[in-house]
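Here are some notes on the model, written as numbered points. Please read them with the structure open.

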Amino acid sequence: MSVPMLKIGAVLSTMAMVTNWMSQTLPSLVGLNGTVISSEGTHERIVSGLYPGSEEGWQVYSTASDPDGRCVCTVVAPARNLCKRDPRSRQLRLLTEQVQNVSQSMEVVDLRTSRDLQYVRDSEPLLRGVDGRLHTYVANPRTLTAKGLQELKGQMSQLRPLLSVVEQYRLDLQTLATLRQELLNLSIILTAIQEEIGAYDYEELQQRVLLLETRLHSCMNKLGCGRLTAVSSPITVRASGSRFGSWMTDAMIPSSDSRVWSMDGYYKGRRVLEYRTMGDFTKGQNFVQHLLPHPWAGTGHVVYNGSLYYNKHQSNILVQYHFRSRSVLLLRSLSGAGYNNTFPYSWGGSSDIDLMADEMGLWAVYTSIPNAGNIMVSRLDSRSLEVLRSWDTGFPKRSAGEAFMICGTLYVTNSHLAGAKVHFAYHTNSSTYEYTDIPFHNQYSHISMMDYNPRERALYTWNNGHQVLYNVTLFHVIRSDG
């Protein structure tokens, strides 16, 4: 029995070495070092490369003038990647998907190999015992008794599952041969793409792209605000924290502040994590901690012009906390506003008062008993937190999943669960409302925070312990000057 045991050990050792080599070498070979296979076998994908930065510019699609002489344009912001139409880009995306499939297959094989190797190791003493007995009985058959035979049968029954383990190894060897061939094919395709890329003067193309982006930025500065018409597919930036929370960047325009803040939980929280850049946030590194003097309620916080604005726990008091000085600059009551789960969003979580910012400035979304639970929108003075003007939208707050402001318009979702869509819009410039039907993919099925950032023109969401971004499509009508 020692020879079969040696063969099984050789198979296990070879499997472990091959899968380990492929899992380490394949991602670096195709430039996917951002995908890490942890010791537990779970995947952590860093998607900072997908995050739409300001350097990517904007896209403007123009149409002919309408009968009234107006130039009608549709603007998509932030911009889509200019290289997406390149056939090589499509090839690389397909290669990326193939690499992910190969990596997942390797992970399955690796997990199964580790599990079965431990099973074989646990069975080794039993194997040696059976091997010793068989040698004894072969050397001296007279020592074989009925009791000894019964015990040997019992031990052989315990070893029977090893047959399925060995059979699985045989199948896994076939899988590895297939993966090895896929790896060879990927290498050949990548070599061809690399040779093709060398035939182009990409420095010249890059200069042309930068020039176009400059012109598009100039055009966007003239466009100003627009109306929401679509929400993109979700971009998962990170998975961290509990089911509820909020994260944000400074919403002030203009601003060069690249910091990111994260606030986990909705009940009596005081710990705010400040990351230096979005890249640091995705990796969970280079952060400092702020311990707020007053605990927060809900997830409706906003960072505006270097200060955090939030609702103080078990009150309708608004707090302005300045990050640089680490001090509270202002406390002010939002008169009549409900708090402590009196009028929350549909998901609860003390979300009575939701602070937010858009191109127009700072806003508070809340409700009160005199308003019969309908959503109130108030524009705030960011220096004094005084209410400048308020609107009664007529939409019941408990029927809203979340809400956000874009260009002075409040957009409300009909749920925080899967199947949610932007269902209602209230325009403060005309004090009118409309029902909308703008779907979006609620990937992790429980949104506890959704806020628009006018600097990035993107929606920030906290979705069941995942920090997710959505790009938005805005529609603009521009009067031409002849």
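1. The lining of the largest cavity is made up of 10 nonpolar residues, three polar and one charged. Here Ala, Val, Leu, Ile, Met, Phe, Trp, Tyr, Cys and Pro count as nonpolar, Asp, Glu, Lys and Arg as charged, and the others, Gly among them, as polar. A cavity is a set of points, on a 1 Å grid over the protein atoms alone, where a 1.4 Å probe fits but cannot get out; lining residues have an atom within 4 Å of a point.

2. The model is predicted: local features need pLDDT of at least 70 and side-chain atom pairs count only at pLDDT 80 or more, while totals for chains, interfaces and linings use all residues. Residues are numbered from 1 along each chain as its sequence is written, and side-chain values use heavy atoms, with hydrogens and water left out.

3. How many cavities of 30 Å³ or more does the structure hold? There are three cavities of 30 Å³ or more, and the largest has a volume of about 90 Å³. Its lining has 14 residues, and Met248, Thr249, Asp451, Tyr452 and Asn453 are the closest to its centre. A volume is the space filled by probe spheres set on the grid points, which are joined across faces, edges and corners.

4. Which strand gives the most to the lining of the largest cavity? It is strand 23, with four residues. The elements that give two or more residues to this lining are strand 7 (245–249), strand 11 (302–304), strand 15 (354–358) and strand 23 (447–453). Strands (E, at least two residues) and helices (H or I, at least four) are DSSP runs, numbered from the N terminus.

5. The second largest cavity contains about 50 Å³ of space. Strand 23 also gives the most to this lining, with three residues. Among the lining residues are Tyr345, Glu402, Met449, Met450 and Asp451. The lining divides into four nonpolar, three polar and three charged residues.

6. The largest nonpolar core has 19 residues, and Leu228, Phe404, Ile406, Phe440 and Leu459 have the most contacts inside it. Such a core is a set of buried Ala, Val, Leu, Ile, Met, Phe, Trp, Tyr and Cys residues joined through side-chain atoms within 4.5 Å. Buried means under 20% relative accessible area, with a 1.4 Å probe and protein chains only. Strand 25 (466–478) is one of the elements that give two or more residues to this core; with four, strand 25 gives the most.

7. Leu459 deserves a look. Leaving aside neighbours within four places in sequence, its contacts (heavy atoms within 4.5 Å) include Val231, Phe404, Met450, Tyr452 and Val472. A second, separate core of 17 residues includes Phe244, Tyr345, Met356 and Val412.

8. Why is strand 17 (residues 374–380) described as largely enclosed by the rest of the structure? Six of its seven residues are buried, so strand 17 is largely enclosed. Strand 17 runs antiparallel to strand 16 (residues 361–366), with five bridges, and antiparallel to strand 18 (residues 387–396), with six bridges. Two strands pair if DSSP finds at least two bridges between them.

9. Trp363 stands opposite Arg379 in strand 17, and Met376 stands opposite Asp392 in strand 18. Strands 17 and 18 form a hairpin with six residues between them, and Leu385 in the turn has a positive phi of about 60°.

10. For the chain as a whole, there are six helices and 25 strands. Of its 482 residues, 45% count as buried.

Conventions:
On a 1 Å grid over the protein atoms alone, a cavity is a set of points where a 1.4 Å probe fits but cannot get out, and a pocket is an open set with protein on both sides within 12 Å along at least five of seven lines; lining residues have an atom within 4 Å of a point. Buried means under 20% relative accessible area, exposed over 50%, partly exposed in between (1.4 Å probe, protein chains only).
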